[in-house]
Amino acid sequence: MSQSNEKQTIQNPQELNRPSWDETYFAIADIIAKRSKDPRTKVGAVLVKEKSVIGLGYNGEPRNSALVFNWHTEEKYKYVIHAEVNAIANASRLGINCVDSDIYITHSPCTNCINTLIQHGIKRIFYRKPYTDFEISKKIALAAGIELIQIDY
């Protein structure tokens, strides 16, 4: 009898149902989006570096804010910080460097956010749903060499 030098992989049945990293980060983005007070659009963002979550954010008002405004009107756009910016701010507040990280967002970034992500050294942007000014954001990302990747889960 000869022995085979080939490694045999034994798969644990529980591993077969294990979510991918992309699925995991989008699940976290979905959960954090629920923290938003916006009744119309709930956006979540997860900043990831070397398979570790380094920042979370959702669309909402500034930390410890006592602002009162109507979430059902255009007035909210004057006061709300987007999820991507909140994720970066939360990481930076703790002294975490965002350079070479990835971000998972429930919606594609707007033009202001794509510029902010580029300036902070985010390399890949994963999103599910295109946002209103998606074509312009895509053009900006392409010009900066940033990967903008839509994933459907």
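Author: Gly 145 comes after H5 and has a positive phi, near 75°. Helices (H or I, at least four residues) and strands (E, at least two) are DSSP runs, numbered from the N terminus. This is a predicted model, where local features need pLDDT of at least 70 and side-chain atom pairs count only at pLDDT 80 or more, while totals for chains, interfaces and linings use all residues. Residues are numbered from 1 along each chain as its sequence is written, and side-chain values use heavy atoms, with hydrogens and water left out.

Reader: Which residues of H5 are buried?

Author: In H5, residues 134-144, the buried ones are Phe 134, Ser 137 and Ala 141. Buried means under 20% relative accessible area, exposed over 50%, and partly exposed in between (1.4 Å probe, protein chains only).

Reader: And where do they sit around the axis?

Author: They lie on the same side of H5, because their arc around the axis is only 65°. The arc is taken from the directions from the helix axis to the C-beta atoms. Glu 135, Lys 139, Leu 142 and Ala 143 are exposed on the other side.

Reader: What covers the buried residues?

Author: The cover includes H4, strand E4 (124-129) and strand E5 (147-150).

Reader: New topic. Is Asn 86 buried or exposed?

Author: Asn 86 is buried, at a relative accessible area of 14%. Asn 86 belongs to helix H3.

Reader: What is Asn 86 in contact with?

Author: Setting aside neighbours within four places in sequence, Asn 86 contacts Leu 56, Gly 57, Tyr 58, Gly 60 and Ile 81. Contact means heavy atoms within 4.5 Å.
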